[in-house]
Amino acid sequence: MASSLNASYIFVCHSHKDNDFCRRLTYDLRTALDDPTAVWDGPLDGLMGGDLKLHKTTEQLKECEIFLVMLSHNAVADGDVRHQIDIALQLKKRIVPILYQPCQIPILLKGIIPVSFLPAAEQTEVSAELYQQAFQQLLIALLLPPEVIEEAKLRLKQVSGTGPTETQHGEIAPESARPSKTGRPAQAETIKINKTEQGEAILAEPGQASLDNRHPRQGERLYIYDIHSAIVCSVAWSPDGMRIASGSADKTVRIWDASTGHNLLTYRGHAAQLFPPAYVFTVAWSPDGTYIASGGNGANIHVWRAANGQKVAVYSGHFAPLASIFSIAWSPNGQCIASTNLHPLDIAIHLWEAHTGQLIRKIDARASFTDTSHYTDAISCSPDGMRIACAQVKDVRIYNALTGQRILIYGHNGRWTGAVAWSPDGTRIASGDGQKIHIWDPITATTIRTYIGHTSSVQRIAWSPDSRYIASISEDQPEVHVWETHTGLLLLTYTGHNKPLRTIAWSLDGTRIASAGLDNTVHVWHAI
């Protein structure tokens, strides 16, 4: 059976120095999709340099639906690759980056989660097992229908015996030894800590925490950031993973070095508001890492430069007595921001221009004209920016971001739905239902799995970048649960805090988690 891509197909962009790997990947994609025309790779298809190459490449780029770009040191330095990325962005193609080698990801692509084909730690080549796992993630990232993905996996397995191992176009290294997963929940270790001389972070004792050269253990605390003087309500990693922003009830947003905990900047723009107290409930980085949007008590949401704290825009559209801005989400292109106000007189999702504060559209989220009960709490945008999921008391509703039309409702049975998060691969949504967390299909509203592990209402949910794990916290517990999304198996419980938590965030490389709450501190610790 041929793939469902039909006339649209995948354009593969890469440096000629990465031809061997790209030949292998293109070959496997064509095999998996059972369609040799579904993937276009100029060098593999015999296209040489010169004007003909430029003309043909531009022509194929215009016609393709998906732009697959291989990222490596060679690719980042290749002028042709950069030019093709620019064209793909101008044509608004669906871009899927593949991380083939460690490199500095181009700034224009930093808002897009890449599919990683990197080898395991201490390995120089990717193993057959890791290649197969990454290839399956790639099929998901292409947003193919589930039945096509299953057929592709089966077809490739039949061709190669056990999945991608070796073909005429390249060789994959023999499978390497990998750490075994027992499935037994691991308890985070309590590490002796000392304050730095600057008093800006609490770092683990040398030789005990992961500040040394060994690989840190699951749940191992790296350091504690303790500069805030009140509850920490929100944390967010910068897209490059180098900085963390934290918003607090002390009326500040602080930006600090994600590796050391060293404070880089303190934003006090909200502090001028006297009533209600200017607690900062939510912070969010722009996809390119240039700006931060922050909001909380009061109707104003600030957009400012992360480098110097310069205010760029203020959105004041959430006018309501005692407004409380609990959720902010940037569009993938960084031009638009969605926000909600936890207030019965403002049951709506506001979409506005990030750099001017001008309202674009207000999506009415009321069940009826007189509805004052379906508060708009947490929101989460689909990775393509076309849909918005909003937690509304006892259900989650999905809206079309362009038209404001409600697409579907996923009902809950719990007393409150205050957490919702779209998976990075766009195929699933996780939402809190009292003490439970449901993972469900955003197209059919079908429940895929339910996690039952918390003893109080779920507060926040964070997906790992590869969509394999979820970190979650509940209302009155000082612990973080990390569990597997496909099985619901609890893998790790982090118990380093001594008071209930309010926020968690996963680094974009998937290695670290930041958690914070009522103890006024942020803990940064090693994930799975």
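**Close-up views: salt bridges and cysteines**

**View 1. Arg-428 and Asp-425 form a salt bridge.** In this predicted model, the closest N and O atoms of the pair are 3.4 Å apart. Arg-428 has a relative accessible area of 8%, so this residue is buried. Asp-425 is buried too, with a value of 10%. Buried here means under 20%.

**View 2. Glu-65 pairs with Arg-94 in a salt bridge.** Their closest N and O atoms lie 3.0 Å apart. The pair links distant parts of the chain. Glu-65 sits in the loop between α2 (51-63) and β3 (66-71). Arg-94 belongs to strand β4 (residues 94-99). Glu-65 has 34% relative accessibility, so Glu-65 counts as partly exposed. Arg-94, at 25%, is also partly exposed.

**View 3. A salt bridge joins Arg-512 to Asp-509.** Here the closest N and O atoms are 3.7 Å apart. Asp-509 counts as partly exposed because its relative accessibility is 49%. In total, the structure holds seven salt bridges.

**View 4. Cys-64 and Cys-233 are buried cysteines.** Cys-64 has a relative accessibility of 3%, so Cys-64 counts as buried. Cys-233 has a relative accessible area of 16% and is buried as well. How many disulfides does the structure have? The count comes to zero. A disulfide is a covalent bond between the sulfur atoms of two cysteines. To be counted, a pair of cysteine sulfur atoms must lie within 2.5 Å.

Technical notes:
Residues are numbered from 1 along each chain as its sequence is written. This is a predicted model: local features need pLDDT of at least 70, side-chain atom pairs count only at pLDDT 80 or more; totals for chains, interfaces and linings use all residues. Side-chain values use heavy atoms; hydrogens and water are left out. Buried means under 20% relative accessible area, exposed over 50%, partly exposed in between (1.4 Å probe, protein chains only). A salt bridge is a side-chain nitrogen of Lys or Arg within 4 Å of a carboxyl oxygen of Asp or Glu. Helices (H or I, at least four residues) and strands (E, at least two) are DSSP runs, numbered from the N terminus.
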